Amino acid sequence: MPISAATASAPKFMTLERHIIEEERRYPAATGEFTGLLHDLSLAAKLVWREVTKAGLVNILGSTYRYNVSGDVVKKLDEFADDTIYKAMDHGGHLCVMASEENEDVLQIPDHYPKGKYVLLYDPLDGSSNIDANVTIGSIFSIYRRVTSKGRGTLEDCLQPGHKQVTAGYVIFGSSTMFVYSTGFGVHGFTLDPTVGEFLLSHEGIKIPKKGKIYSVNEGNSHRWDDRVKRFVDYLKEEDKATGRPYSSRYIGTLVADFHRTLLYGGIFMYPRDKKNPEGKLRLMYECNPMAFLVEQAGGSASNGEQRILEIQSSSLHQRTPLFIGSKDDVKAAEEFLKGRR
Ligand code: FBP
């Protein structure tokens with residue numbers, strides 16, 4: 001029976017596993033290590049997903065009454081996600097070192113496991129303030145090649161500028177669960193089909209609109225912003241049909257969720273510096289670098305208001321940075337206001 005036209009034109013049936021293998025084929029010298037690494041990461045994503053979906057039923061909500069390196073209360077689900085990702089990634093022989101937003105120092109690969117050529121930095125559970133309210137949360141990852149030669153990896157392997165990333169992505173635990181990543185050849189989204197336990201290609205080659213209609217920022221902090229930030233946000237709220245203003249406001253309070261919407265619909269997400277967070281709130285290595293890598297791969301921009309996020313040379317694992325990310329024209333406008341040119 002001939003293949004129907006509908007079937008022929010339907011989006012190709014592609015699992016994340018197969019996509020990763022095809023991505024690796026771009027590198028003739030590839031050894032399969034990269035595929036193994038991303039395979040383990042997608043397994044970790046499914047293990048965290050299973051716990052997130054039943055969080056309200058089992059005793060995994062609420063606090064551990066412990067504080068992490070950034071002084072945030074550690075939630076049970078954060079801890080579970082942190083342990084699960086570490087344990088899924090420590091024995092494959094692909095990594096020489098890891099670093100997690102929840103841990104002060106780098107995370108070494110246990111002595112009895114082989115060391116590989118890659119470095120993994122991850123935010124195990126982003127949006128912790130939303131966990132108990134059943135609002136979308138996520139996990140974020142960033143992967144580099146090691147710079148040290150062999151054996152155990154070091155802090156130096158972790159503190160590379162964002163443009164050195166070989167892959168970055170996030171898992172979003174929302175109305176559906178998605179794995180969104182880039183290996184430097186576009187941004188692709190895979191939706192988890194729980195009935196087969198597979199991430200299936202649902203968003204191939206995501207492109208962010210050049211200019212948006214939505215701005216996303218916690219305006220509850222506006223009294224602590226400097227005037228240039230206030231003037232830019234006021235500009236977005238002014239009535240001017242010719243420039244598509246006023247923009248609409250959306251803010252979920254989970255970076256993964258606010259970024260995912262911005263990637264698909266366009267516009268700008270911001271977490272400026274303010275009097276309480278003089279360096280901004282979001283972490284350069286675990287949050288801003290991976291999102292900046294993705295947005296640029298989708299045709300957008302990411303800035304700290306003065307320079308491209310991916311060019312910032314990191315000096316500490318948990319350093320923070322202001323973030324202005326999204327559609328090219330909107331981030332450019334933000335920079336012009338921040339530099340006092342408008
Ligand atoms: P963590 O939850 O990983 O600590 O991340 C920080 C975060 O929750 C981001 O996801 C989000 O964009 C931001 O903080 C929200 O901050 P605020 O509550 O100050 O608006």
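Which helix gives the largest share of the lining of the second largest pocket? In this predicted model, local features need pLDDT of at least 70 and side-chain atom pairs count only at pLDDT 80 or more, while totals for chains, interfaces and linings use all residues. Residues are numbered from 1 along each chain as its sequence is written, and side-chain values use heavy atoms, without hydrogens and water.

**View 1. Lining of the second largest pocket.** Helix H3 (residues 33-53) contributes three residues, the largest share of this lining, helices being DSSP runs of H or I with at least four residues and strands runs of E with at least two. Among the 20 lining residues, Val52, Thr53, Asn134, Phe173 and Gly174 are the closest to the pocket centre.

**View 2. The aromatic pair of Phe141 and Phe179.** Ring centres 5.4 Å apart and planes at 35° make this pair tilted (rings of Phe, Tyr and Trp, the last by its six-membered ring, pair if their centres lie within 6.5 Å; planes under 30 degrees apart count as stacked, over 60 as edge-to-face and the rest as tilted). Phe141 belongs to strand S6 (residues 137-145) and Phe179 to strand S8 (residues 177-182), 38 residues apart. Phe141 is buried at 4% relative accessibility, and Phe179 is buried at 0% (buried means under 20% relative accessible area, exposed over 50% and partly exposed in between, with a 1.4 Å probe and protein chains only).

**View 3. The aromatic pair of Tyr251 and Phe269.** Here the ring centres lie 6.3 Å apart with planes at 5°, so the pair is stacked. Tyr251 is partly exposed at 32%, whereas Phe269 is buried at 2%.

Conventions. On a 1 Å grid over the protein atoms alone, a cavity is a set of points where a 1.4 Å probe fits but cannot get out, and a pocket is an open set with protein on both sides within 12 Å along at least five of seven lines; lining residues have an atom within 4 Å of a point.
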